[in-house]
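Here's a quick briefing for anyone meeting this structure for the first time. Have a look at the model, then read on.

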Amino acid sequence: MKPRAPLPLLAIFAVPAAIALVTTAGLVTALLDDGVEDAVSWVALSVPVVSAVWCWRKRER
């Protein structure tokens, strides 16, 4: 069995960094105002949960 080639750092940390940025934007947006900002923050804060469920379901197959 041939060992895998190491992945570049961008391939490893791109998705977690994007999730962190979206989550941070959602937290900041939630602090700003009510109304549309609340909807944006709910969508942004649901991204980590949705991605975790998606990865969990993908792993089960």
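What follows is a short tour, from the overall build down to a few single residues.

This is a predicted model, where local features need pLDDT of at least 70 and side-chain atom pairs count only at pLDDT 80 or more, while totals for chains, interfaces and linings use all residues. Residues are numbered from 1 along each chain as its sequence is written, and side-chain values use heavy atoms, with hydrogens and water left out. In brief, the protein has two helices and zero strands.

**Overall build**

- Helices (H or I, at least four residues) and strands (E, at least two) are DSSP runs, numbered from the N terminus. Helix α1 takes in residues 9–32, and helix α2 takes in residues 36–60.
- The C-alpha trace spans about 55 × 25 × 10 Å along its principal axes.
- The radius of gyration is 16 Å, whereas a compact globule of 61 residues would come in near 10 Å. That radius is taken over C-alpha atoms, and the globule rule is 2.2 Å times the number of residues to the power 0.38.

**Surface and charge**

- The accessible surface is about 5,600 Å², and carbon and sulfur atoms account for 72% of it. Areas come from the Shrake-Rupley method with a 1.4 Å probe, and for residues only the protein chains shown count as cover.
- The protein has 6 positive and 5 negative charges, and their mean positions are 32 Å apart. Lys and Arg count as positive, Asp and Glu as negative, with His and the chain ends not counted; each charge is placed at NZ of Lys, CZ of Arg, CG of Asp or CD of Glu.

**The annotated stretch**

- An unreviewed UniProt entry marks residues 39–56 as "transmembrane region". UniProt positions follow the numbering used here, feature names are shortened, and annotations may be inferred rather than shown by experiment.
- That span, residues 39–56, is 100% helix and 0% strand, with its end C-alpha atoms 26 Å apart.

**Residues to look up**

- Ser51 sits in helix α2 and is partly exposed at 21% relative accessibility. A polar atom of the Ser51 side chain lies 2.9 Å from the backbone oxygen of Pro48 (a polar contact is a pair of N or O atoms within 3.5 Å; within protein, one must be able to donate a hydrogen and the other to accept it, and residues adjacent in sequence count only if both atoms are side-chain atoms).
- Val15, in helix α1, is exposed at 56%, and its C-alpha atom is 9.9 Å from that of Ser51.
- Thr29 is also in helix α1 but is buried, at 15%; its side chain reaches the backbone oxygen of Ala25 at 2.6 Å.

Notes. Buried < 20%, exposed > 50% of the residue type's maximum accessible area, 1.4 Å probe, protein only.
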